[in-house]
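Trainee: Please pick one part of this model and go through it closely. I would like its ends, its packing and its surroundings in one connected account.

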Amino acid sequence: MKPDKFLIIERIKLYGNSFEVAGKYLKEQLEDLADYDAALIVLYSLIATKQARLDYLISLPDKNKHTKEAVKDTRHDLANYLWIKDNYDEYLGLVRKYCNG
């Protein structure tokens, strides 16, 4: 699945750079992390979580309407997170451009 930059921009407008903010919370626990590194650790954790969820959903023997929708949503989220990971500097540019805070 391809990333949805429109959705990424909409989420930036709604939530700001939640990776950076979550990274700050992480830094409270691991004080010697740089802000950029902390944000990327959060992003990598989300990618790992989405991949784990996708693996679980795909392994279910009985896939109903809700399961199929969850697979679709999880694949979509995973594609967006992977794009952000691979294009983090571009993502930060979008944050600067579209974030209200």
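Mentor: Helices are DSSP runs of H or I with at least four residues, strands are runs of E with at least two, and both are numbered from the N terminus. The model is predicted: local features need pLDDT of at least 70 and side-chain atom pairs count only at pLDDT 80 or more, while totals for chains, interfaces and linings use all residues. Residues are numbered from 1 along each chain as its sequence is written, and side-chain values use heavy atoms, with hydrogens and water left out.

The part I take is helix H1, residues 5-15.

Four residues of H1 are buried: Leu 7, Ile 8, Ile 9 and Ile 12. Buried means under 20% relative accessible area, exposed over 50%, and partly exposed in between, with a 1.4 Å probe and protein chains only. Their cover includes helix H4 (65-86) and helix H5 (88-98), where contact means heavy atoms within 4.5 Å.

Beyond its neighbours within four places in sequence, Ile 84 touches Ile 8, Phe 19, Leu 43 and Tyr 91.

Rolling a probe the size of a water molecule over the atoms shows where empty space is left. On a 1 Å grid over the protein atoms alone, a cavity is a set of points where a 1.4 Å probe fits but cannot get out, and a pocket is an open set with protein on both sides within 12 Å along at least five of seven lines; lining residues have an atom within 4 Å of a point. The largest pocket has a volume of about 300 Å³, which is the space filled by probe spheres set on grid points joined across faces, edges and corners. Of its 14 lining residues, Arg 11, Tyr 15, Phe 19, Tyr 81 and Ile 84 lie nearest the centre. H1 gives the largest share of the lining, 5 residues; H1, helix H2 (18-29) and H4 each supply at least two. The lining divides into 9 nonpolar, 3 polar and 2 charged residues. Ala, Val, Leu, Ile, Met, Phe, Trp, Tyr, Cys and Pro count as nonpolar, Asp, Glu, Lys and Arg as charged, and the others, Gly among them, as polar.

Lys 50 and Asp 77 form a salt bridge of 2.8 Å, N to O. Their pairing joins distant parts of the chain, Lys 50 being in helix H3 (residues 35-59) and Asp 77 in H4, 27 residues apart. A salt bridge is a side-chain nitrogen of Lys or Arg within 4 Å of a carboxyl oxygen of Asp or Glu. Lys 50 is buried at 11% relative accessibility, whereas Asp 77 is partly exposed at 25%.
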